[in-house]
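Reader: I'd like to learn how to read this model step by step. Could we go through it together?

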Amino acid sequence: MAKEPTTNFPEQSAQSAMQVQNSLREMMEQNLNETRRVLDGLLTTASKAVAGIDQQATEIRGRTMSLAQETLSNTFDFAHKLVHARQMSDLLNLQSEFFSRQAQVVAAQSKEVGESALRGVHEAGRTASQGMTASQGIETPRRGSQAA
């Protein structure tokens, strides 16, 4: 009886090990690519949020400067009128008018700043929500490697 050729067990083990090693490399490469894509998405979302904050800060700074200019203008108008006041009743009327005007200016500016801040919060929430929605559609690397 002729003996069947025997296969070399160490050679088969080495080939199997190489196949496993190649499969692991592929999975690691896929996981790295997926992780990079997720982190790039997070950075993009963060950049959009920071840009929104910068825009809001610029708007608030502009409104603050506008308030300062208007306050200064009202103060000088009051001072000019005060110089020409002849009676105590004129002084009291001018002072009442000045405080009333200042209160209106501050109230209007506060309302605008509040609305602007609220819009900024809503926009930041929307940007974060969109970023989270985009990242939720990504299959996590572990699940992908388990399926392989």
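Author: Gladly! Let's begin with burial: buried means under 20% relative accessible area, exposed over 50%, and partly exposed in between (1.4 Å probe, protein chains only). Helices (H or I, at least four residues) and strands (E, at least two) are DSSP runs, numbered from the N terminus. This is a predicted model, where local features need pLDDT of at least 70, side-chain atom pairs count only at pLDDT 80 or more, and totals for chains, interfaces and linings use all residues. Residues are numbered from 1 along each chain as its sequence is written, and side-chain values use heavy atoms, with hydrogens and water left out.

Reader: Which residues of α1 are buried?

Author: They are M27, E34, T45, Q56, N74 and F78. Over the protein as a whole, 11% of the 148 residues count as buried.

Reader: How many helices and strands does the protein have?

Author: It has three helices and zero strands, giving the pattern α-α-α along the sequence.

Reader: What span should helix α1 have?

Author: The expected span of a helix is 1.5 Å times one less than its number of residues. Helix α1 runs over residues 9-83, so its 75 residues should span 111 Å; the end C-alpha atoms are 110 Å apart, which agrees.

Reader: Why does Q56 count as buried?

Author: Q56, found in helix α1, counts as buried because its relative accessibility is 16%. Contact means heavy atoms within 4.5 Å. Leaving aside residues up to four places away in sequence, Q56 touches S116, A117 and G120. The C-alpha atoms of Q56 and V121 are separated by 9.4 Å, though the two residues are 65 residues apart along the chain.

Reader: What share of the contacts in the protein with a separation of 6 or more comes from residues 24 or more positions apart?

Author: Those residues account for 80% of such contacts.

Reader: Which residues line the largest cavity?

Author: On a 1 Å grid over the protein atoms alone, a cavity is a set of points where a 1.4 Å probe fits but cannot get out, and lining residues have an atom within 4 Å of a point. Grid points are joined across faces, edges and corners, and a volume is the space filled by probe spheres set on the points. The count here is one cavity of 30 Å³ or more, and the largest cavity holds about 60 Å³ of space. Its lining is N74, D77, F78, K81, L94, E97, F98 and R101. Both α1 and α2 (88-136) supply at least two residues each to that lining.

Methods
On a 1 Å grid over the protein atoms alone, a cavity is a set of points where a 1.4 Å probe fits but cannot get out, and a pocket is an open set with protein on both sides within 12 Å along at least five of seven lines; lining residues have an atom within 4 Å of a point.
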